[in-house]
Amino acid sequence: MEIAPKPGKDVPPKKDKLQTKKKKPRRYWEEEITPTAAGAFPGPPRNKRNPELFPQQPKNTHTLKKSRISKKPQFLNKSRERTNPKPQQSLSGAQDPFPGPAPVPVEVAQKFRRIDRSKKLPHSKSKTRSRLEVAEAEEEEISVKAARSELLLAEEPGFLEGEDGEDTAKISQADIVEAVDIASAAKHFDLNLWQFGPYRLNYSQTGRHLAFGGRRGHVAALDWVTKRLMCEINVMEAVRDIRFLHSEALLAVAQNRWLHIYDNQGIELHCIRRCDRVTRLEFLPFHFLLTTCSETGFLTYLDVSVGKIVAALNARAGRLDVMTQNPYNAVIHLGHSNGTVSLWSPAMKEPLAKILCHRGGVRAVAVDSTGMHMATSGLDHQLKIFDLRGAYQPLSARTLPQGAGHLAFSQWGLLAAGMGDVVNIWAGQGKGSPPSLEKPYLTHRLSGHVHGLQFCPFEDVLGVGHSGGITSMLVPGAAEPNFDGLENNPYRSRKQRQEWEVKALLEKVPAELICLDPRALAEVDVISLEQEKKERIERLGYDPESKAPFQPKPKKKGRSSTANLMKRKRKVMEEEHRDKVRQSLEQQSLKKKKVAKPVGTRPSALDRFVR
């Protein structure tokens, strides 16, 4: 049956879709395809898969179905890919010009490795050996990932470089402030506080907050970047030192009589009367230990997580007012009036080491962030740099016209020394290298005598406390430019700080593990193992490791269960032990027979006491 067309407009016949379709522009990775004879661009067929990218499988073969529960790849596909590797292709058909992961230089990856691959693995049990091999493989993988992520650390430290013949020490702070951007220029400021000086100051671990205390009782804490004041109080007592604890929410103040703990609102939380006449404070962040030294000559370790005094050591060196910590191994360095520097740990009642540094008393001590170099200054006007890697020998020395009363190291190895109302800064070759004492890198004169120095973490800023107040100096190239956001994040919120605090408490290092070489904790004490083995042999009367352990043969019919195997092993061990004891008793009886009296002698009442 034919249907007549509707009356009205004549509908023209539809054109072919392939003819009317516009030509698709060719991409740079696609090959040029010549059009067909009719001048049309055929293009890929619809609703059909590309046979080149998706090859068809024969119909009669059994294929492995993908599990809906497990997302692991099938073993058959793995074997095929290994035997017939094909270049990776995209949907467009282009090949990757750089297949596989990007190569990592060996020198860069070596910097992040902690396991010495040059040492061979000990001949131990197979299970222990396999664990060591797995740990080495994981460590190598982590070092490669860290080397790759180092490319993201785009910030680099920048130093002042003078023109030909120009001395950088003559560049003033006003010139530096004028040359830098507005945000960096705002980091240089002066707080004129003549009524309550001189001042001691301390930066928080993140470098965002600043706390300072004056000799006449003025205590304040603020966010020095935004200049927002957190708290300000007057304790009506002399303040000798001030320290932030594990976060900016807690503040330790060494007052004239006792040690006091305040929060960031200025509210007194604790008064620790066992720590009296405190002169200096130090806080060990990974151990949660607050260290104090006093006029009475005692070095005290206070665990702030539980509020317990871990150790109270008598240094037997008189008044203690020179103290610093080694950030590498958490060892406390004390300077004494006889020119020596002693190294202390809470696990030992005696100093770990003593170093003779000066002919006169020690005025200041500082240790760099790598723990390899120590700077000391004494009454003999000498400034010395010592090597702490076992030799304890001076690397360089310099005589100053006026002795340095305060020293401080930056994260990048710069050394600042306060001499009267002048601050000199010396620079070295970089992080981990000792500073060069030939000529100063920067010099600045203050309005009062220096009473405290500290470099701000992650900022090119040096905080100076003096008799006239607080001064924030700009020191280009002083700090580490890249910070770890999971460890010390200057921009963390309150919630992030609380979570970090919980994690830090769970990962707290015990105070007993503080020693000179922290790498020795991961090594095996061979001498103690040998001594323990000898004592065990003397106690048992035989060497239990001289003979291979008994391994029972497997039996059938359910007689090789774990309980039966353990019973058979225990039975053999008891028999061997019984034989050893029997042999030792026979040897003792033979010795008694040799010592016995000759035949024919009359028995005596005293024979019962003969052994």
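This note sets out points on the salt bridges and on one surface patch of the predicted model.

1. Basis of the note. The model is predicted: local features need pLDDT of at least 70, side-chain atom pairs count only at pLDDT 80 or more, and totals for chains, interfaces and linings use all residues. Residues are numbered from 1 along each chain as its sequence is written, and side-chain values use heavy atoms, with hydrogens and water left out.

2. Salt bridges overall. The structure holds 20 salt bridges (a side-chain nitrogen of Lys or Arg within 4 Å of a carboxyl oxygen of Asp or Glu). Three of these pairs are discussed below.

3. Asp 241 and Arg 200. These side chains meet in a salt bridge, with an N to O distance of 3.4 Å. The pair links distant parts of the chain, since Asp 241 belongs to strand S6 (residues 239-244) and Arg 200 to strand S2 (residues 199-203), 41 residues apart. Strands (E, at least two residues) and helices (H or I, at least four) are DSSP runs, numbered from the N terminus. Asp 241 counts as buried because its relative accessibility is 0%; Arg 200 is likewise buried, at 11%. Here buried means under 20% relative accessible area, exposed over 50%, and partly exposed in between (1.4 Å probe, protein chains only).

4. Glu 282 and Arg 243. The closest N and O atoms of this salt bridge are 3.3 Å apart. Distant parts of the chain are linked again: Glu 282 is in strand S10 (residues 278-284) and Arg 243 in strand S6, 39 residues apart. Both residues, Glu 282 and Arg 243, are buried.

5. Arg 445 and Asp 421. A salt bridge joins these side chains at 3.4 Å, N to O. Arg 445 lies in strand S25 (residues 442-445) and Asp 421 in the loop between strand S23 (415-419) and strand S24 (422-426), so the pair ties together parts 24 residues apart in sequence. Arg 445 is exposed, with a relative accessible area of 58%, while Asp 421 is partly exposed, at 24%.

6. Network. Salt bridges that share partners join Arg 200, Asp 241, Arg 243 and Glu 282 into one network.

7. Surface patch. Val 524, Val 526 and Leu 529 form a nonpolar patch on the surface, together with about 290 Å² of accessible area (Shrake-Rupley method, 1.4 Å probe; for residues, only the protein chains shown count as cover). Patches are made of residues with over 30% relative accessible area and no salt bridge; like charges are joined within 9 Å, and nonpolar side chains (Val, Leu, Ile, Met, Phe, Trp, Tyr) within 5 Å. Val 524 lies in the loop between helix H7 (494-506) and helix H8 (526-540), and counts as exposed at 61% relative accessibility.
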